[in-house]
Amino acid sequence: MKFTLSWLKDHLDTQASLDEITYALTDLGLEVEEISNPAARLSDFTIGKVLQAEKHPQADRLKVCKVDTDEGELQIICGAPNAREGITVVVAKPGVYVPGIDTTIGVGKIRGIESYGMMASEREMELSDEHDGIIELPSGEVGDRFVDWLAENDPAKVDPVIEIAITPNRPDALGVRGIARDLAARGIGTLKTHDVTPVPGGFPCPVPVTIEPDTLDGCPLFAGRVIRGVRNGASPQWLQDRLRAIGLRPISALVDITNYFTFDRNRPLHVFDVAKVAGGLRVHRAQGGETLTALDEKSYALSQGMMVISDDNGAESIAGIMGGLDTGVTGDTVDVFLESAFWDHVQIALTGRALKINSDARYRFERGVDPEFTLQGLELATQMILDLCGGEPSEVVSAGSVPDHARAYKLDAARVQSLVGMEIAEAEQRQTLTRLGFRLDGDMAHVPSWRPDVQGEADLVEEVARVASLTRLQGRPLPRVTHGIPRPVMTPGQRRQQAARRTCAALGYNECVSYSFIDRSSAALFGGGDDATMLENPISSEMSHMRPALLPGLLQAAARNQARGFMDLALFEVGPVFHGGEPGAQHDLVTGLLVGRTGPKDVHGAARAVDVFDAKADIEAVLAALGAPARVQIMRNGREWWHPGRHGQICLGPKKVLGVFGELHPRVLAAMDVKGPAMAFTIWPDEVPLPRKSSATRAALTLRDLQAVERDFAFVVDEKVEALTLINAAAGADKQLIENVRVFDEFIGGSLGEGKKSLAVTVRMQPAKETLKEAEIEAVCARIIEKVVKATGGDLRR
């Protein structure tokens, strides 16, 4: 939206500077995109007077002039044919930039004679294309600024042009008066009162208008009048200057008047040449197949349902978008029908997009114009046509009526202050809304007809806030809920997730953040894929179910990396998984995945394939960071996606599982297209017991000053007995005294016989109160033997 400063001041009585106005516009939400100020580039030009002009001794077309300036008499060489003694000129002294020739003036010699400046033409100053001679001013004092002379004698040439960005919710700002209203509400001047006086008609309108019943929803009101005896010549200079300033080409007085009201009052209008209209004008919907040549001289095929304005000969205008060429006005037009209508914004937008027509009328109607200004705009345009073109108006004819837009919302002054965060007095809030055109009845604010964007109490808050200026907001600390040192913001679960992420990253893993949605087949591999976790409206077939575990996403990431040649991977993810479709049917997991080798190949052969014990070491490190107890049990019976003989569950008891680690089943890897083997671990952080006492500091280090005792045992068991079973049994003999149990030897065959093996373990006993006596040690050893024999069915090896 473009407009000039003088145009704005037709509606706004203000003494504010251009900078103050543009700052206020941006602060009000009407962001200024560009300011074109001719005065800025002409500010250094001054007025001078030629005291003497003599022929250059070395050139027939040059003259040596003595020019009186604010810096005294200067010698200037000039080649203009009208350079002569006694004329008042515009002078560019050395150091002045001349925009028309993109040159900064300096002192130079022309044919051996020095020149100390330049006398400018209009083209050199970008005032016009005139360049046959230098500017001759009819008045002006030597030394005065040329821009000041222009502002007094030809203000259009130095009138700043402002361009603002209009958001879709502010159609009222597509008219200069709407912009002025916002500035007046801010206090940048006062909105001028422009009364609308109906123009009496001198005769009945010879062109009747009608709206078909099925079109009333798209055109609630269609009005107009005939003005006969007009003279459609060139529009006055002031009107042409304004249209050119905003980028429009002046065409004729009638067309320029309709364009003027489009930008001045956000009221698109159209004029028909009455001599070319057959019968009356009818607003209806196209049957489909009609064609119309519009004012842009392009032919458009109308689709069924599009709104058109037709006479007895057929379609003559695309309603609300563009008029037809056949009934357009020309320099020979004598009688015109001036039309003003209100169109439904949705239907105008649909038609405009379908026909790919971008016009100023469409741009405004599809965003919303003031329905109550339909007839007032007709009256104002009628008066301007009479003033500029003459003629005699008929009575106004109309079809339909102004749609009811009345609505009101409660203004809660205290709520406004609470939401905005500023102290805005209730009187100021009411004054702001009143200046914006709202009508206040008690605490109810009635919305003006030109503000279709105001649809609730929240919009009232926004209006008060933007006019008050959000730049007034001052940062204030939130009040403390409790006194003293504030409690931690993060929950224990959040702190555990943070610790898990840091520990995994420190172990060399790369974090992944995958979608919570996976395909059915992948979900089924990990115990999911049922109807309870199926999405009703999935993004794609590959995201049809909520994930039951984090491993599918990590395996898919591994497969993509392997496909690109990255075979050695360490990935982890922390996030929620879902075991149902109801709220709360989810829990958090920490999962890591190891694929490939521990490192690149080297001469020392240090790199090796990852194994179960890598995953075990990593899960133990993460559990330690989460605060899990150091003494745990490792059991089997993991889910089906783990390798049956190469995994373990870390437990605090038969039913308290903290995590699981091991090798993934080859069947799962094949289904996920991952080249294995692959090791992984999963932790349920919510299952890790919280400390009984929370403290910001670490617990004191507990050191034992009593001698530990180690005893070795060798048991002959069946070769299918797992070492873990033996370890758990030995550790359970005395949980307080036994610190750890470690396997140090395995022997199969020999004298043991077929199907037997020998497992040797070291049991470390650490007393806490007093040194163990031999009898106590023997008693513990007996219990260890008893527990192992009972759990494994084996015997102590003699």
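Is K93 buried or exposed? K93 is buried, with a relative accessible area of 9%. The notes below start from that residue. Keep in mind that this is a predicted model.

1. **K93 and its partner.** K93 forms a salt bridge with E71. The closest N and O atoms are 3.5 Å apart. K93 sits in the loop between β7 (88-92) and β8 (97-98), and E71 in the loop between β5 (63-69) and β6 (72-78), so the pair ties together parts that are 22 residues apart in sequence.

2. **The wider count.** The structure holds 36 salt bridges. Side chains of opposite charge can pair when their charged atoms come close.

3. **D172 and two arginines.** R170 forms a salt bridge with D172, with the closest N and O atoms 2.8 Å apart. Both R170 and D172 are buried. D172 also forms a salt bridge with R451, and here the closest N and O atoms are 3.6 Å apart. This second pair links distant parts of the chain. D172 is in the loop between β13 and α5 (176-186), and R451 is in the loop between β29 (444-446) and α13. The two residues are 279 residues apart. D172 counts as buried at 6% relative accessibility. R451 is buried too, with a relative accessible area of 1%. Salt bridges that share partners join R170, D172, D182, R451, D453, E463 and R466 into one network.

4. **Strand β13.** Where do the side chains of this strand point? V161 and E163 point one way from strand β13 (residues 161-164), and I162 and I164 point the other way. All are buried. In a regular strand the side chains alternate between the two faces of the sheet.

5. **Neighbours of β13.** Strand β1 (residues 2-4) runs antiparallel to β13, joined by three bridges. T4 stands opposite V161 in that pairing. Strand β3 (residues 32-36) also pairs with β13 in the antiparallel sense, over four bridges. Here S36 stands opposite V161.

6. **A negative patch.** D412, E426, D441, D443 and E457 gather in a patch of negative charge on the surface. E457 lies in helix α13 (residues 457-468). At 43% relative accessibility, E457 counts as partly exposed.

7. **A positive patch.** Which residues gather in a patch of positive charge on the surface? They are R631, K735, K787 and K790. K787 is found in helix α20 (residues 774-792). K787 counts as partly exposed, at 42% relative accessibility.

8. **Backbone points to check by eye.** A cis peptide bond joins G676 and P677, with omega about 0 degrees. P677 is in the loop between α18 (666-671) and β38 (678-683). E297 has a positive phi of about 65 degrees although it is not a glycine. E297 is in the loop between β19 (291-293) and β20 (299-301), and it is exposed at 61% relative accessibility. K356 is a residue other than glycine with a positive phi, near 60 degrees. K356 is in the loop between α8 (345-355) and α9 (360-365). K356 is exposed, with a relative accessible area of 74%.

How values were computed: Residues numbered from 1 in each chain as written. Predicted model: local features only at pLDDT ≥ 70, side-chain atom pairs only at ≥ 80, totals over all residues. Heavy atoms only, no water. Patch = residues over 30% accessible without salt bridge, like charges linked within 9 Å, V, L, I, M, F, W, Y side chains within 5 Å. Areas by Shrake-Rupley, 256 points an atom, 1.4 Å probe, with all protein chains shown as cover. Salt bridge = Lys/Arg side-chain N within 4 Å of Asp/Glu carboxyl O. Lys, Arg positive; Asp, Glu negative; His and termini not counted. Charge placed at Lys NZ, Arg CZ, Asp CG, Glu CD. Buried < 20%, exposed > 50% of the residue type's maximum accessible area, 1.4 Å probe, protein only. Pairing = 2+ DSSP bridges.
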